[in-house]
Every structure is written in structure tokens, then in C-alpha cells.
Amino acid sequence: MATVVWTPAEVIQPSRPALLFRYIRRNKSLAIGLTVLLLLVAFTVIGFLAVDAKQAYPLAAPTKRPPSLQYLLGTDFFGRNLLAAMVVGMWQTAVIGVLAGGLGTFIGVVLGFVSAYFGGWIDSAVKSVCQILTPIPVLLIQVVVAGSLDKRDVTILTMAFIVVMLAWMGPTLVIRSQVLTMKERQFVSVAKLSGVSDLGIIFKEILPNLLPFIAAAFVGQVFAAVFASFYLAVLGLGPLREPLLGNIIWAAQTQGAFFNGWWWWPIEPAVAMILILGSLALVIMGLDELANPRVRRSE
Amino acid sequence: MRTLWLVVRRFLFLILVIWSASTITFIIPRFSPRSAIRERFALLARNGGFSPGDLEKIITAMQTQFGLDKPLLQQYVDYMSGVLRLDFGYSLNKYPSTVIDLISQALPWTLGLLLVTTILSFLIGNLLGAIAAWPKAPQWLRAVATPFVLLTGVPPVLMGVLLLFFVGFRLKLLPLGGAYSIGVIPNWSWGFALDMAQHQILPALALIFGSVGGWVLSMRGMGITIQGEDYVNFAEHKGLDGVSIFRDYYLRNALLPQVTGFALALGTVVTSAIIIESIFFLPGIGTLLQDAIKSNDFPVIYGIVLFITITVATLMVAMEFVYPLIDPRIRKQ
Amino acid sequence: MMSEVLSDRPTTSRTSALSARPSGPEPVLRVQNLEVTYYTDAGRAKALDDVSFTLSAGEKLGMVGESGSGKSTLALAMMRMIKPPGRIEAGRVIVGDTDLTGLDDDAMRKARLSKIAYIPQGAMNSLNPVMRIGAQMVDAVKSHMNGESRSSIGDRCAHALKSVDLDASVFRMYAHELSGGMKQRVCIAIGILLNPQVIIADEPTSALDVVTQRQVMETIDRVQKEINAAVILIGHDMGLMAQFVDKVAVMYAGRLVEVSTVREMFTDPKHPYARALISSLPNLDNKGVFQGIPGLAPSLLRLPTGCAFHPRCTHAMDICGTTRPEVRMLASGRVVTCHLFNEEA
């Protein structure tokens with residue numbers, strides 16, 4: 001009796017975009033987060049085309065006008081057109097977020113890699129520094145740094161640098177632990193045995209596998225950077241002339257906006273910030289769900 | 001013996017953290033292009049407090065008084081020994097007051113707000129998160145957590161602005177800020193206590209709404225992990241009722257890592273409270289900090305930063321010693 | 001594709017044929033046509049397909065098969081603990097004169113442990129790490145017996161611990177203070193707290209060392225005699241099983257392919273898969289000659305047509321690829337699901 005070889009029936013795999021679409025439809029937080037982010041980008045881009053950016057600075061418009069047809073979002077105590085201020089503020093927030101987030105992620109990836117891949121004293125040093133810095137509330141150190149700067153020196157760029165100074169620890173630890181586990185995987189050993197150089201292993205074998213984690217760390221860093229710069233600005237440590245969203249809220253509260261009935265002044269930047277941080281948080285949650293399927297089960 | 005070594009090690013770690021934080025606050029201002037004293041007195045001079053000619057003399061005198069003319073190393077040693085005694089020097093703005101005086105005047109306000117809101121949001125958040133991850137919980141109960149999850153990304157400050165707008169400004173239910181109504185003289189009466197409580201509701205709600213979501217999320221994640229554990233399954237095989245399984249097998253185990261998370265979140269919790277204060281014009285550390293920032297009162301800024309860092313780090317280490325009391329596995333070691 | 005495979009099932013009354021089997025005293029456990037499906041994203045997976053068997057009090061059945069063959073699903077289905085996306089589609093589980101499948105949820109909860117007990121792989125993680133062992137025994141008793149006095153619950157627990165050879169001091173201990181073997185015994189002690197009629201032990205010896213394995217099996221053996229329960233032992237260690245059970249059931253791809261006494265199974269296995277399993281065991285006569293089973297176990301999502309084993313079967317005939325074999329009882333009283341025995345039945 002001959003052995004019957006059983007071939008599994010052909011399984012039809014849907015195309016990649018279709019799969020992606022199907023996944024995003026199920027991963028609601030990712031879908032909503034991305035949609036809101038896109039809308040915000042659209043608002044900023046269209047805003048720059050439609051509104052004069054100069055209107056975002058003091059004395060460009062009549063003061064204290066509530067929202068009207070002429071000034072859709074009203075104007076503030078200093079004569080800024082708040083619609084223009086929102087557009088510019090949104091853009092500046094994005095600059096700080098992407099710049100600081102990108103830089104923080106980059107430093108984190110490099111440090112995490114070096115620390116985990118080469119181990120030894122470098123690893124211990126990086127690990128100890130992270131451990132010691134963890135209990136120190138990051139914002140407060142940022143307050144010290146921002147406070148030590150001449151107020152005229154504080155710009156969007158310096159904000160980004162202040163924020164990034166202590167923000168690399170998160171990604172460093174994440175990437176470090178991922179590289180540590182990956183180092184033990186078979187494919188890395190195989191590459192090592194077949195004489196691939198350290199750099200070759202890092203760039204050809206490990207890095208591609210880390211991309212999802214790096215992407216998640218990046219979004220997390222953008223969130224953290226936006227958050228931190230917002231807090232600094234609310235405390236009055238931001239670039240005071242710029243219509244950064246936190247600055248507007250700080251200015252509004254300093255002038256007692258609610259007491260004086262100028263409700264639109266603090267509310268508008270607050271809503272904008274909620275949309276930005278909320279959508280970023282949703283994207284982070286969605287990416288978590290992607291990376292950690294256990295979370296998916298509960299849906 | 002091993003326990004003793006563990007205690008010593010954690011204590012050394014604590015000292016290391018405090019040393020790092022104080023060194024950072026020592027170094028950064030000395031690299032700074034700004035001179036706190038010069039700015040302060042230049043401002044006074046401009047306002048006509050004294051003749052500009054005397055300015056340099058006064059600045060030199062003040063720098064001597066603050067010890068800024070000594071060699072850097074000497075300054076560092078003085079500074080560090082000050083930190084050990086919780087002596088952060090004098091306020092520039094409210095001169096004869098020391099920094100620690102100002103802090104201790106502001107502290108009760110911040111502490112009161114923090115304690116109530118932190119405990120409430122930890123309890124509410126973890127319970128809601130545990131329920132949200134529990135498949136057998138009634139659907140409507142599981143859904144209660146959803147709005148909080150949606151609010152996760154929203155920092156308490158923004159929650160504060162929204163509450164101010166809707167509850168304070170639109171509905172006029174609660175005051176728009178301050179610790180008590182303007183014109184009222186603080187006294188020990190029920191009327192004043194009620195007035196004060198009314199002023200604390202919105203900031204407290206902002207803090208609670210702003211932080212419950214985080215606990216819900218992490219507890220939900222933890223709950224999903226725990227409900228897959230063998231002992232939860234076996235509890236069901238044993239025929240236990242749902243409430244017992246939820247309380248004794250699922251919640252108790254899921255809550256343990258959350259306590260560690262609580263220690264780690266302390267820094268964020270304190271920062272949120274500080275910023276909330278400045279939005280609601282509440283007296284407290286946050287307002288003290290914001291005033292100091294406005295008036296370039298650097299000793300106060302650094303003093304607050306150091307004080308909070310020391311407190312948070314100490315609490316974090318202390319939590320590690322509390323943990324064995326609630327987890328028998330660690331108690332043994 | 002799936003539905004074709006699943007639908008070409010002839011409907012005959014197999015159950016009657018099986019229950020007619022002369023198996024001595026009145027059976028204490030009757031499993032009839034049990035069927036479980038998991039509805040996954042990738043499609044429907046039939047994890048249990050038409051499983052029927054009976055057990056009498058004091059009888060021990062060994063359940064063997066590769067991982068994924070449905071052994072553990074069977075245990076969960078009997079406890080009515082199949083979780084979504086899984087579902088019990090059909091069939092009945094009758095313990096004594098209670099039909100478990102007909103009970104409401106609360107009655108089923110009470111039936112667990114008191115009528116049918118499940119002993120997990122306790123060595124690993126089946127005990128709550130933050131509760132004392134005693135508390136985990138007491139809550140089990142309490143949830144079934146309202147108003148039982150504190151001392152009588154204590155006596156019950158102490159007796160159970162003694163039955164599994166554990167010191168009374170274990171009552172006050174935590175799981176991490178016990179060895180793997182001791183933890184497994186605690187699980188057994190919990191399982192017999194309420195003298196159930198049926199005990200299911202799901203791989204009770206995995207993750208234990210060889211000496212402890214034996215001790216645990218002997219413990220199960222002893223407590224089973226003490227309370228005269230029917231025992232289902234799930235595992236894949238045929239050697240260990242052969243020493244303790246009366247009957248062996250072999251599962252493949254969610255179906256029971258053969259049920260025989262231990263002696264018959266080891267000397268004269270009928271189903272080609274059972275034969276392959278037995279011949280793959282090492283023995284003293286053919287040292288060093290291991291005969292594996294060619295091919296891999298099929299995915300439950302894409303079962304081959306006809307007999308699920310036919311692609312790997314050395315005796316496959318044309319009919320095996322097209323028609324699903326019936327559960328047959330041979331003249332000897334053994335149960336086989338294979339076309340080779342179509343005439344014998």
C-alpha cells in the first residue's frame with residue numbers, strides 16, 4: 001500500500017493592503033488616532049494657506065474679540081488672531097514633537113544598541129545612569145534648565161533640546177531589552193558563526209527586526225516631548241512671544257481669562273492640545289495592541 | 001543578613017539619586033548665562049529702588065552673602081551640606097524668608113490635594129480597569145471604564161481648563177480659582193471650610209479625571225495577563241463563585257504590580273498637581289514655583305525641584321520596603 | 001472547503017452501539033457525541049468531533065494523543081469550561097444521573113469539584129501565589145457547602161492533605177514554599193475535597209522529575225481507590241500510563257480513534273495510528289530502533305477529507321480519502337474508528 005502524500009489545500013491569502021485595511025478596522029484606537037492626526041495636519045496645512053501667520057503675533061488684530069465671522073476663533077488680550085495662533089502653535093508643537101521625539105529615539109536606539117550589544121562596562125554605565133535618573137521627576141529638571149536660560153534665548157528649537165535632554169532613557173531601555181533578547185536568537189548566532197561583522201549583524205539582522213519597536217518608541221517620544229514642552233509652557237517657561245499652545249493657556253490664565261469672560265482664549269488651545277495628545281495616545285495604544293496580541297483578546 | 005544588605009543597598013541608591021539631583025541643580029545655574037542676583041537687582045534699580053551707581057556694589061555684596069565669590073569646590077561642598085540639612089538658602093524675592101520656610105508654608109495645600117486625588121484615582125482606576133478586563137463582568141459595568149480610557153492622553157491641566165469652562169464658567173456651579181473666595185478672611189468656621197472645599201473640587205476632579213485613565217489602562221493590561229494564569233482557571237475548576245475568583249484570585253494578583261507602578265508614577269503625579277495649582281490659582285508648591293519662575297527667584301526654583309526629587313525618590317525606595325508586606329513571595333527572600 | 005469536510009458525516013446511531021457495550025456495573029460517566037468548535041479568525045476548527053465513551057466507578061481511563069489532538073479540550077468540555085471563541089456544539093456529559101450539559105450556570109458551578117473534579121498540571125502555576133494553601137482549600141469547600149461549620153471544613157481539608165501524604169503544616173504555607181511534587185499533591189487534595197464521582201487529571205506529571213512522577217501517580221491511584229471515583233488521566237507518556245490505567249483511549253484530530261484495555265492496546269493495537277504510537281515506544285527488544293510516525297499532525301482548520309489520519313496512514317485505501325470512518329465496536333468490545341474494520345463490526 002503506497003503512502004498517500006497529503007497536500008494541504010491552497011489557502012488564498014488576501015493582498016497586503018487589504019489585510020492592513022482589515023486590521024486597522026479592527027484596531028479601532030489606531031484607526032481613530034491616525035484619523036484625528038491626519039485631520040490636525042490638514043488643519044495646519046490649510047491654515048497656513050488661508051491665514052496670515054503674522055496674525056499669530058501680538059498687535060496684529062483688535063483685542064479681546066469673541067469668535068465671529070471675521071475672527072473665527074476670536075482674538076486675545078494681546079491682539080493675536082487666535083485662528084492664526086492655533087495654526088502656528090500647532091505647527092510649532094509638531095516641530096518640537098517630531099524633532100525632540102526623533103532625536104530622543106535616535107539617541108535611545110544608539111545607546112540601547114551599544115549598551116546591549118557590547119555589554120560590559122558600557123552596559124552597566126548606561127543602565128546605572130538610567131536607574132538613577134528614573135526617580136527624578138523629569139519635568140522638574142527641565143524646569144531648572146529652562147529657567148537658567150535667558151528668556152530671549154528660549155525658542156522653539158531650545159524647547160526641543162531641553163525636552164530631549166532627559167527623554168532618551170525610555171527608548172534606551174526598551175531597545176536595550178529588545179536587543180538583549182534578540183542577541184540570543186538563533187539567526188544572530190548563525191550570522192555570527194558565518195563570520196558577519198558586528199556592524200553587519202546590527203544593520204542586516206537586528207535592526208530590521210527592531211523597526212516595530214523603534215516606531216512605537218518614536219510615537220511614544222513624540223507624545224512625551226509634546227507633553228513636556230506643553231507643561232513647561234504652561235508654567236511660563238516657554239518662548240513667551242511664540243503662540244505655542246501651552247504659552248497661550250499660560251497667558252490666558254495669567255490675565256484671568258475666565259474671570260474676565262474671555263472663555264475662548266484658554267479653551268481653544270486646550271481643545272487643540274487634547275486632540276493632539278489624545279490622538280497620539282490612541283496611536284500608542286493601537287501600536288501596543290499590534291505588538292502585544294494578548295491585549296487584543298479582551299476586545 | 002541578606003535583608004540588611006538589601007536595605008543598605010537601597011539606601012545607598014537613594015543617596016546616589018539625591019546626590020545626582022543636587023549636583024544637576026548645582027551645575028546647571030552655574031553654566032547659565034544668567035546671574036540671578038544681577039537680574040533681580042537690575043530690575044529693582046530700574047524700578048527706582050536705588051541709584052544704578054550702587055548696583056555693582058550691592059551685587060558684589062549679595063554675591064558674597066550667597067557665597068558666590070568662593071571657589072567653586074567650596075561652593076559645592078557648602079551647597080551639598082545645605083541639601084543634607086534641607087537648607088536650600090534664602091529666597092531672593094522674599095529675602096529674609098528661607099526657601100524651606102516658603103516650601104513648608106505651601107506644602108500642606110499641595111499635600112492635601114495630592115493625597116486625596118491620588119488615592120481616589122488609584123482605587124477607582126484599578127477597580128474599573130480590573131472590571132473592564134474581566135469577561136464575566138456585566139457589559140454595562142465594563143463599559144464604565146471606556147470614557148476614562150478615552151481621556152488617558154489628556155493631561156490633568158487640560159482637564160482643568162475644560163472643567164473651568166463648563167462647570168465654573170458656563171454652569172457657574174463652582175468657583176473659577178483661588179483657595180477661598182475673595183474678601184473672606186481665613187478662620188476656623190464651617191462656612192469657611194465649606195468655601196475652601198468648594199474651591200478644591202474642580203482641581204481635584206481635574207487630577208482624578210486626568211489620571212484614572214492611566215490606571216484603567218495598565219490594570220486592564222495586567223488583568224488580561226492574570227486572567228490567563230493557571231490559578232485563575234483552576235479557581236473556576238474548583239467551582240468558586242465569580243465574586244471570590246474576581247476578588248481573591250484575579251484582583252489581588254493583578255493589583256501587586258500596580259503598586260510598583262504607583263511608586264514609579266509618583267513623579268508624574270506630583271508634577272501634575274503642581275501644574276494644576278498654577279491653573280487654579282491655588283496656594284501650594286506649584287504656585288510658589290510659578291511665582292519664583294516669574295520673579296527669577298532661582299534659589300526657590302532649585303529648592304522646590306530638589307525638595308520634590310528627594311521626597312519622590314525617598315517614597316519610591318520606601319515603597320520597595322512596603323511591597324514585601326503585601327506579596328508573600330518577596331517576603332520570604 | 002471547510003464545510004464540505006465537516007458536513008459529509010453519516011448520521012447513524014453510534015451512541016447506542018457504544019452504550020450497549022457490556023462494561024460491568026452502571027457507568028458513572030457517560031460522554032455522548034461531544035462536539036466542540038473554535039470559531040477563529042482563520043476559520044472554524046473542530047477541536048472535538050463526536051466523542052463518546054463511558055466509565056464506571058473505580059475505572060481508570062488513560063487519554064493519549066499528540067498535542068492538539070483534543071485531549072485537553074475534552075477535559076475542558078466535560079467541565080463545561082470551554083471559553084469563547086470555543087463552543088460546545090452538541091453532545092452530553094452525564095455524571096451519575098445528572099446531565100451536566102443541561103444544568104444552569106450556577107448549578108454547573110456547584111457540580112464542579114463536587115461531582116466532577118479537575119486536577120491541573122499543578123507543578124507550575126495552578127495555585128494562587130498570594131493565598132495560603134489552606135485558604136485555597138477552604139474557599140473551595142465553602143463555595144459548595146453553605147453553613148458548613150468551620151471545624152468540619154478544617155477536618156475535611158486536613159483529611160484531604162493526609163490522603164495525599166502531605167503534612168498538616170502545608171495548610172499554613174504559600175505555593176512558593178512547596179516543591180513541584182508537593183504542589184501537585186495539593187492540587188490532588190483539592191480535587192478530592194468533596195469526594196467527586198469523576199476526576200480528570202490533565203497531565204498531572206508533566207514538569208516533574210521521574211521519581212516524583214511515580215509518587216504523584218501512586219497518590220492519584222490511592223485517593224481514587226479511597227473515594228472510588230472514575231478517573232480520566234490525560235497525558236502522552238504511554239509508559240507511565242500503562243502502569244496505572246485500566247483502559248486507554250487514543251485521540252487523533254479531535255476524534256477518539258481507539259478505546260481498548262491496556263493489555264489489548266499494548267499487545268494488539270487495532271487502529272493504524274495506535275499501532276504507530278505503540279511501535280514508536282522504545283522497548284528492550286528493539287533497542288535503538290525508533291519508529292516515528294511519518295508526517296505531521298494536521299491543522300484542525302484544514303482537516304484532510306475522509307479519515308483525518310489517511311495522509312499519514314500506511315494502510316490508507318481509496319475510501320479513506322473520501323469517506324469519514326464510523327465509530328465501530330468490534331466483537332471483542334473494543335472501539336475503533338477506521339475503515340479497515342468495516343467488516344469486523
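Modeller: Two residues are in contact if their C-beta atoms, placed from the backbone, lie within 7 Å. The model shown is a predicted one. In it, C:Leu281 touches C:Met238 and C:Gly239, with residues up to four places away in sequence left out of account.

Biologist: Where in chain C does C:Leu281 lie?

Modeller: C:Leu281 is in the loop that runs between α12 (272-279) and α13 (318-322) of chain C. Its C-alpha atom is separated by 39 Å from that of C:Tyr174, and the two residues are 107 residues apart along the chain.

Biologist: Why does C:Leu281 count as partly exposed?

Modeller: A residue is partly exposed when its count of C-beta neighbours falls between the limits for exposed, 12 or fewer, and buried, 20 or more. C:Leu281 has 14 such neighbours inside 10 Å, and therefore counts as partly exposed.

Biologist: Which members of the largest nonpolar core touch the most other members?

Modeller: That core has 268 residues, and B:Ile301 and C:Ala189 touch the most other members. Helix α9 (residues 198-234) of chain A gives the most to this core, namely 18 residues. Apart from neighbours within four places in sequence, the contacts of B:Ile301 include A:Val143, A:Val144 and A:Gly147.

Biologist: How many residues does the contact take from chain A and from chain B?

Modeller: Chain A contributes 38 residues and chain B 47 residues. On the side of chain A that touches chain B, α11(A) provides the largest share, nine residues. By class, this side holds 29 nonpolar, six polar and three charged residues.

Conventions: Residues are numbered from 1 along each chain as its sequence is written. Chains are lettered from A and ligands numbered from 1 in the order in which they are written. This is a predicted model: local features need pLDDT of at least 70, side-chain atom pairs count only at pLDDT 80 or more; totals for chains, interfaces and linings use all residues. A nonpolar core is a set of buried Ala, Val, Leu, Ile, Met, Phe, Trp, Tyr and Cys residues joined through C-beta atoms within 7 Å. Helices (H or I, at least four residues) and strands (E, at least two) are DSSP runs, numbered from the N terminus. Ala, Val, Leu, Ile, Met, Phe, Trp, Tyr, Cys and Pro count as nonpolar, Asp, Glu, Lys and Arg as charged, and the others, Gly among them, as polar.
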